Amino acid sequence: MNPVISIADVSKTYASGFKALKNINLDIQQGEIFALLGPNGAGKTTLISIVCGIVNASLGTVTVDGKDIVRDYRAVRGMIGLVPQELSTDMFETPWATVNFSRGLFGKKRDHAFVEKVLKDLSLWEKKDSRIMTLSGGMKRRLLIAKALAHEPRVLFLDEPTAGVDVELRREMWDIVRTLRASGVTIILTTHYIEEAEEMADRVGVIAKGEIILVEEKAELMRKLGKKQLVLQLHEALDAIPSGLAVYDLQISNDGHELIYTYDTQAERTGITALLNDMRTAGVAFKDLSTTQSSLEDIFVDLVRKA
C-alpha cells in the first residue's frame, strides 16, 4: 500500500544556525492514527508545519497522496486539515460563519448541509449563531476541528489538541478522533500526553533533538520494549538481599516487605521458576505475588533519555 504521506530526508536549519530537524524519513498510511511523541523543542511542530506548507524545509521532499508539497502546493493544501495548538479565530464571528468561511477559502462550493453535519457531529449546532467569544474552552477547541474539516480533508493534523484541557474534555476529544478515523480520515497527532497515544494510536513515532529515534506499531512497541515486574509480598521483612538471590538483581521495596523482579517477556526463559526455587532454599517465604507491565510512558521516557 502506498503511504498517504511520505517524508524523505527532510531537514530544517533556521537562519540562526539551529537545526530543528535532521534527516527525517517517515511514511504514514491511509486511515491510521499516528502519534508523534517528543519533549518540548523536539521538532514536532516544525515537522507538521513543513508538511502543511507553513514552513519550508531546508532539504528533502514531502509528498501527500503522491503530490509534492512544493510543486503541487494548492492541491496538497486542499487535502490537509490542521488543528493548531493556539486558538486562532475571530472571536466576534459565529461558528456557522467561520466554518462556512473556512470552506470557501479552499474554493469549495457552498454546502450548508455539510457544514450543519460537521457542527452537529462536534456538538456545536446549538451554538452555531453565538459569538465565539461566548463559547466555553472545550467548544472553542471543537470549533478548531470543525474549521479544519470544513473543506473535507483526507488528512488531519492535530497539534497538541488537548493541551490544557480537563480529563473529561480530553476523553470527549478522543471519541471525536476515533469517529473521524472511522470515516476514512488519516489522523496525525502530536501530544505530550502519553495516555493519549496509548489510548488511540495505531503507530507511535518518537522524535528527540530533531531526529526520529523510533517508529513502531503501538502494540509491538510495548511488546518489544515493555518490561514486566514480578512483585512478591513477603511474610517477613528483609534488610538485604540474601547472597543466594543476588543473581536475580532484585529490588527491595515497601520497607523490606516486597521483592521486585524485573524480567524480559521475550526471553526464552523468564527465570521466575528458578527464582521461586532459590527463594525457598534461602528461606524467604512470600504470601502473595502480582505482575505489572511497563506503560508507554515508561518506554517513552527511557527512549528520550538514551537519545
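Helices (H or I, at least four residues) and strands (E, at least two) are DSSP runs, numbered from the N terminus. The model is predicted, so local features need pLDDT of at least 70 and side-chain atom pairs count only at pLDDT 80 or more, while totals for chains, interfaces and linings use all residues. Residues are numbered from 1 along each chain as its sequence is written, and side-chain values use heavy atoms, with hydrogens and water left out.

**The surface at L105**

L105 is exposed, with a relative accessible area of 60%. Exposed means over 50% relative accessible area, buried under 20%, and partly exposed in between (1.4 Å probe, protein chains only).

**The cores**

Next, select I145, A146, L156, L158, L180 and I187. Of the 43 residues in the largest nonpolar core, these touch the most other members. Helix 5 (residues 137–149) gives the largest share of this core, seven residues. A nonpolar core is a set of buried Ala, Val, Leu, Ile, Met, Phe, Trp, Tyr and Cys residues joined through side-chain atoms within 4.5 Å. Leaving aside neighbours within four places in sequence, A146 is in contact (heavy atoms within 4.5 Å) with V99, V118, L119, L122 and L124. A second, separate core has 28 residues, including I7, L21, V64 and F157.

Move to M133, in the loop between helix 4 (112–121) and helix 5. M133 counts as partly exposed, at 38% relative accessibility. Residues up to four places away in sequence not counted, M133 touches M91, F92 and K140.

**The strands**

Finish at strand 1 (residues 5–13), which pairs with strand 4 (residues 59–64) in the antiparallel sense over five bridges. Two strands pair if DSSP finds at least two bridges between them. Select S11 to find L59 of strand 4 opposite. Strand 1 is also joined to strand 2 (residues 19–28) by six bridges, and these two run antiparallel. Here S6 stands opposite D27 in strand 2.
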